[in-house]
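Look at the model below, then go through the questions one by one. Each answer sets a value against the rule it is judged by.

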Amino acid sequence: MAAPMSNVDEIRNRVILGEFGVKNVHTTDYPGNYPGYDDTWDLEKFKKTFRIDIVHSDEDTLEFDMIGIDASIANAFRRILLAEVPTMAIEKVFIYNNTSIIQDEILAHRLGLVPIKADPRLFEYRNPEDQEGTEIDTIQLQLKVKCTRNPRAPKDSSDPKELYLNHMVYSGDIKWLPIGNQADVFADAKIGPVHGDILLAQLRPGQELDVVMHCVKGIGKDHAKFSPVATASYRLLPEITLLQTIEGEQAERLKRCFSPGVIEIQNVNGRKVAKVVNSRLDTCSREVLRHDDLKNLVKLGRVRDHFICTFTTKSNELGLFDDLPYALSNLPPLLIFLVSVESTGILPPDVLVTEAINVLISKCQKFLTELDMAEMD
């Protein structure tokens, strides 16, 4: 059971979930809002309170908490990841032959949405006025597939997999055609589609595709195909406080009101007592507030400066976070945000975060430059 908080502390640090509404959602962190509280922003104070806690990492997912920041900063990272971290994507599609049932426009659109494994930091933005791409701003790919009958297919078979050859066209059939010295410069890069099992078209004997594609550097603000993430969101850390001991049948019902793993039943001196085990797993459904005998025994809230972030990707390289502390169990209550980001696999999660930070830094530098110029005028 958490220690009691004063009303002012609760307003400043917690969002309270009620039965018919949410309290303390307004911003209060500005100087002079509460007598006796110094809410002025201080760099040294920020350095002491800000933390990043890596909760889970594997081949596909990176989950970490950002603690001690404002929601505007967490949201800035989310929006930058969605719209301003550059990637390489198919921009121009030259269709030399398409005898499939898929129209040229639909085929070009499908190809444009295929994630391309290529480090955008190694390329320049292409000048829109240039008619031809160069090795520094363009990646050339080719898709050339022709469907034929399988001469060794059983006579009584009706399965297309046995009757035809190359009747299913996948993203793995896309091949890289190096331009200039790209074959030497990117010899170890393995440029091509991130996933080789994306179905692009189905063919029948006599049908074929002969397509050349040009990939260029861009950002999600211009087109969604350039976005390095499929989803990007954040959530505040849930906080569940039991106001009194709950045991027996009430404890069992309380456990069923929350997501699995949030509440567990423990044996205390022969009694079944409910305990909050992992509040971060809660979805904040507020189901417990529907029970008249339970709703006054539980207090639901969210920590205002604790953000939970999750990146789903195809890499577990975490070099950016190697030197950051992992254990935050002794930290005072802070605003914590839980952020969820699902990557398309173009870049590993640590690179995505690094690039988002670089974009934010450049925005701040540009803003400061504008302020200096305005003062000079």
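**Reading the labels**

Q: What share of the contacts between residues at least 6 apart in sequence join residues at least 24 apart?
A: In this predicted model, 78% of those contacts in the chain do so. A contact here means heavy atoms within 4.5 Å.

Q: Why is Phe-367 called exposed?
A: Exposed means over 50% relative accessible area. Phe-367 has 53% relative accessibility, so it counts as exposed. Phe-367 is placed in helix H8, residues 349-376.

Q: What makes the nonpolar surface patch that includes Phe-367?
A: Phe-367, Leu-368 and Leu-371 make this patch, with an area of about 300 Å². Nonpolar side chains are joined into a patch within 5 Å, and each residue needs over 30% relative accessible area and no salt bridge. Phe-367, at 53%, is over that limit.

Q: Which residues of helix H4 are buried?
A: In H4, residues 104-112, they are Leu-107, Leu-111 and Gly-112. To be called buried, a residue must have under 20% relative accessible area.

Q: How many of the residues in the chain are buried, as a percentage?
A: Of the 377 residues, 41% are buried. The chain has eight helices and 19 strands.

Key
Residues numbered from 1 in each chain as written. Predicted model: local features only at pLDDT ≥ 70, side-chain atom pairs only at ≥ 80, totals over all residues. Heavy atoms only, no water. Patch = residues over 30% accessible without salt bridge, like charges linked within 9 Å, V, L, I, M, F, W, Y side chains within 5 Å. Areas by Shrake-Rupley, 256 points an atom, 1.4 Å probe, with all protein chains shown as cover. Salt bridge = Lys/Arg side-chain N within 4 Å of Asp/Glu carboxyl O. Helix = DSSP H or I, 4+ residues; strand = E, 2+ residues; numbered from the N terminus. Buried < 20%, exposed > 50% of the residue type's maximum accessible area, 1.4 Å probe, protein only.
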